[in-house]
Amino acid sequence: MSFLFGNTKNQTNVNTSVAGVDNDDVNTNDEAVPVPYLAGRTKVALRWITPAYRWKATEVKVKTGKSSSSTVGYNYYADLAGIVGLGVVDNLFKVWFDDEVVWEGNLARGETAGVNEFADFTIANYGMARIYWGSDTQPVDDLVLTPSGPAPTYAGFDPRDVSTWPNKGKGEMYDTHPAYRGQCYIVFKQLYFGAQDRTATPNIAVEIAREPDYFGGANATMTNDGVSGSLILFEALTNPRFGMAVDPLTLDEASFESVRQYQEANNFRLSPAVTSATSFREFAAKVLEYYDGFLRLNNGKMEHGAFRRGAVDTSNLPRIADADLTDEPTIVSDGWKNTVNQVGVIYREITRAHKDDIQKYRDADNYQRTGEIKAENVQRPWINNAAAAMRYAVEYGKMAALPKQTGSLTVMSASAETLLPGGLFWLQLARFGVQMVCRCVSVTAPNDNGNTVKIEWESERGLWPSLYVPPPALGLGNFKVSPDPLEFARIVELPEAFKDRANIAVFPLAERNDALFIGFRVWFSVNGDSYDLIADSETFAVRGIVSASLAAGAGTVDVKMTGLDADTIDSVSAAGQADDELLGFVDGEIVSVGAVTPLGDNTYRLAIARARLASSAQAHAAAAVVWLVPRAKITAIYNENFITAQTRQFKLQPVTSGGEVDLSVCPVISYNFTGNGLGQVTGLTLATGTIFQTDGTLQSRITATWNTINSPLIASYETALQQSGVSAVDYQNTSGNQIQWTVIPNQTYTVKVRAIDIYGNTYAWSATVSVTSARDTTAPGYPSNWSVTGSIRAFNIKWTKPDDIDYAGTEVYMSANSDMSSATRVAVVGGESTTVSGIAASTTRYFRLRAFDTSGNFSGYTSIVSATTPTAVTSDLAAGAVNSATLFEVVTGTAARGEAHDVTISASATMPAMQLPALVIHLIRLAPAHPSVNVFLVFMVFVPCSLDLRLLRGRGDLRFPPEERRHCRRDLPQPSHLTNSAAPCSAPSAMAGLARRWRHGQRRPRRNGCPLGCRWRRYF
């Protein structure tokens, strides 16, 4: 069951008026507005449940002669009824009309049910009233709410709509009302509304006392300070009409009674007034925070408890030690950073008509430790006296000044058998150096059959010896000891005429309600948590109430001025009105005031020029508020967090010559900026694409577009482009609403934009938008017309490259298998041919190609083509293929040590054709004996004869290194085609003779009897 207060049947608004007062002004019992919940001694405004019935007007005459008089006006009277709150109310002490006490006494409810259900009282100069206490047996009211007679039956009659009644204008009553049982309400018989120029019914409030139900009424006591929280929670739990309807037998009466006695012994009571719907959980939490209390279930019953203060006996508390733990504990300490040393408790002082007041506690020990003032104000409006507020400030402040520790423990179930949420226990962990009294916040078990429980805890900071509580700072009865906050204020957005930049600008309109005020400070908050000072103002506006509805084309309006500055409004000349010297802000329209005509009783008739400064003419209802302020005193206030369609909070802090009103008691003004979009760019979007240059390179581009700010003050826009992971930012300016960048493909970029006005002011950045830059994803075409040709120890590959503008190259893959399973990339070529060398004769290989572009996209693979390297035969040795020059070029080529270069040598005049399949020179660079000498070994291999002939070339005094002489002496195998020859190959002896003659400097070795017919020659 939700904890909602009241369901009184609503009354429909009516259309007639009394003294210019619409029934809308008095009919505040709208749908879903709850009846207030009240307890203790408190103040509450009435909520009207009827329109004005049976109204009448009496002439006000002035004597104009000895026997004559004239009517100068009328006084208006009507019947009316309003709800006080949920019953049963016990006492009525005061009645206020418009903050003026018009009745004071002690009207007490009798104790006899069915007899003393209401009480009559008279309010001097205002009429008779009757209060119904709100019992369950009270009757239907017969003083005011009884119908005038049988309701008419003609078509169109609605007893809830006064405009349909016969004899319209006299306020007959035909609708009926229930008894409103369980709800306290007051009816007024012929209530005096005022003279003709009154614009609204009086704001009526009452001070009442109400004692909640409590376990049959036993041991419940109420004083002027209020009642115990135990009574309030008991009623919220058990009341069947507005509470939880819990059976009182399910509550632990002893625990409730213990808390009640503790609170009353310490003179701490509450007087709550709940005027909006709330849940029981929220309501209970709010009650418990006043005295550090708790509710918990124990053995099927609801227990109520409160943490005590001072010298609490801790000797018999449960103990949790190292041996009880089953897991590592969690211990968190806030330290001194989250402590405070000055606490202000804002409460409602009963001796000052229940207006806000404050009591403060300062902790010297904390200040000495932290070295700075750390203040906190807490709202406790259910405390109604200074003494209780001071006691609360001391206890709250003492706890808040101490560091707080929290944590969790996992212990054996048996160790926590007597521990319940809200209880205290000793925590003694030797290995952590912890020994302190803790509060048990919660106890939970992982499962029903588990043998461990988890305890959430916090350190107990309320265990100190009895404290000296200083007396409260008392005021002088009903005299003000400090100014009240501003009561009426409004934030308005200023049009272009007041601004020197394109940002949203505001101006605060505030009525001075205290002669001590010399100005006010404007505070601003983005989220309502903390406020920043954004301006100081010495300009108070004059607030007025429109007397009657104002049509959109009307040129005059009657306004009743309020506040202390009403007499500062004077007529403005026609030229001054045309120049907007005195402006009026009413709803969303701005008017310019000309002639000002007094009508009496602070009411003035204003001649107005409509729809000024680009505002639109509007129709305004009676009682609309108009704010008057000279144009010359309006100063624009800017802030980068004034953003269209965002709601922000303001506070206006009055300033006197001696200081300022405490900011915490200043009301919050929530404002939603409607604006015209000036100041912040909206609609930022990004697009990305690619484009190829004529040289085949690819460019990626980002284009930003945003909404243009429609203001002549905007000169240009500044953009900011940043690549993800890169600190540098590219700032660009443009006069349009679009800009383009050339960027790296496939990278993330963020963009934001802000406006710059003609004065050089920059404004808030737009929301940041990100995009990944585009890249080319189109694969190039296939290589075409391709072929593979086998040659001596190599493959020659040719193809035609695709005609893509961004073609970058071709990859060549070779494999020993036709399925290309073992393929490896053997070449990456930018052109259209390549040679794969180092391949043995008679070797078959398989090839395929694919192209790629500058963006890394690959074509598909071509078809597979194979080729085989040939085997050399005699016909391969053409005449003149090798001569001394070509041999010299081969031999004198450069090579790194150990590198090998194979050169195929064909027959020449110098080396005639031989009946050999092939001749190959194998060149190897050796380590020289001298740095200026290059030494090469040339292996001329005659296939299939494996005879190696070595030729040395060098400069200077060359000598065969010892290791090379070993090669010369090595026995070489006999060529295979000479196996049937009787004469063996004498190459070894030829090599030995060559070496000897080389050392003696002979120019030409003699010819040996080598059956191969080899010829050696030395070249320099």
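Buried means under 20% relative accessible area, exposed over 50% and partly exposed in between, with a 1.4 Å probe and protein chains only. The model is predicted, so local features need pLDDT of at least 70 and side-chain atom pairs count only at pLDDT 80 or more, while totals for chains, interfaces and linings use all residues. Residues are numbered from 1 along each chain as its sequence is written, and side-chain values use heavy atoms, with hydrogens and water left out.

**View 1. Ala306 in strand β16.** Ala306 lies in β16, where helices (H or I, at least four residues) and strands (E, at least two) are DSSP runs numbered from the N terminus. With a relative accessible area of 12%, Ala306 is buried. Contact means heavy atoms within 4.5 Å. Neighbours within four places in sequence aside, Ala306 is in contact with Val259, Tyr291, Asp292, Gly293 and Phe294. Glu289 is 17 residues from Ala306 in sequence, and the C-alpha atoms of the two are 10.0 Å apart.

**View 2. Tyr291 and the largest nonpolar core.** A nonpolar core is a set of buried Ala, Val, Leu, Ile, Met, Phe, Trp, Tyr and Cys residues joined through side-chain atoms within 4.5 Å. The largest such core has 62 residues, and those with the most contacts inside it are Leu145, Leu270, Tyr291 and Ile383. At least two residues of this core come from each of β7 (69-86), β12 (183-195), α1, α2, α3 (280-288), β16 (301-306), β19 (342-349) and α5 (386-400). The element that gives the most to this core is α5, with 8 residues. Apart from this core lies another, of 31 residues, among them Trp48, Leu80, Trp103 and Ala129. Leaving aside neighbours within four places in sequence, the contacts of Tyr291 include Gly229, Ser230 and Leu233, as well as Val259 and Gln263. Tyr291 also contacts Phe268, Leu270, His304, Ala306 and Phe307.

**View 3. Helix α1 against helix α2.** The axes of α1 (residues 229-238) and α2 (residues 253-265) come within 8 Å and cross at roughly 145°. The contact involves Gly229, Ser230, Leu231, Leu233, Phe234 and Leu237 of α1, and Phe256, Val259, Arg260 and Gln263 of α2. By class, 6 of the contact residues are nonpolar, 3 polar and 1 charged. Axes are lines fitted to C-alpha atoms, for helices over the stretch in contact, and angles run from 0 to 180 degrees between N-to-C directions. In the classes, Ala, Val, Leu, Ile, Met, Phe, Trp, Tyr, Cys and Pro count as nonpolar, Asp, Glu, Lys and Arg as charged, and the others, Gly among them, as polar.

**View 4. The two sides of helix α3.** Phe280, Phe283, Ala284, Val287 and Leu288 are the buried residues of α3. Seen down the axis of α3, these residues fall within an arc of 130°, so they line one face of the helix; the arc is that of the directions from the helix axis to the C-beta atoms. Among the elements covering them are β3 (37-38), α1, β14 (273-274), β15 (293-298) and β16. Arg281 and Glu282, on the other side of α3, are exposed.

View 5. Two strands pair if DSSP finds at least two bridges between them. Antiparallel strands β8 (residues 91-97) and β13 (residues 204-210) are joined by 6 bridges, and Phe97 stands opposite Ile204 of β13. In the loop between β7 and β8 is Val88; the peptide bond from Gly87 to Val88 is cis, with omega near 5°.

View 6. Over 6 bridges, β23 (residues 424-429) and β24 (residues 434-444) pair in the antiparallel sense. Leu429 is placed opposite Val434 in β24. Their hairpin has 4 residues between the strands, and Gly433 takes a positive phi near 65°. Strand β25 (residues 452-459) runs antiparallel to β24 and is joined to it by 6 bridges; Ile455 in β25 is the bridge partner of Val443.

**View 7. Leu613 and Ala614.** Leu613 is in the loop between β34 (603-609) and β35 (625-630), and Ala614 also lies in the loop between β34 and β35. Although not a glycine, Leu613 has a positive phi of about 55°; phi of Ala614 is near 70°, likewise positive in a residue other than glycine. Leu613 counts as buried at 18% relative accessibility, whereas Ala614 is exposed, with a relative accessible area of 80%.
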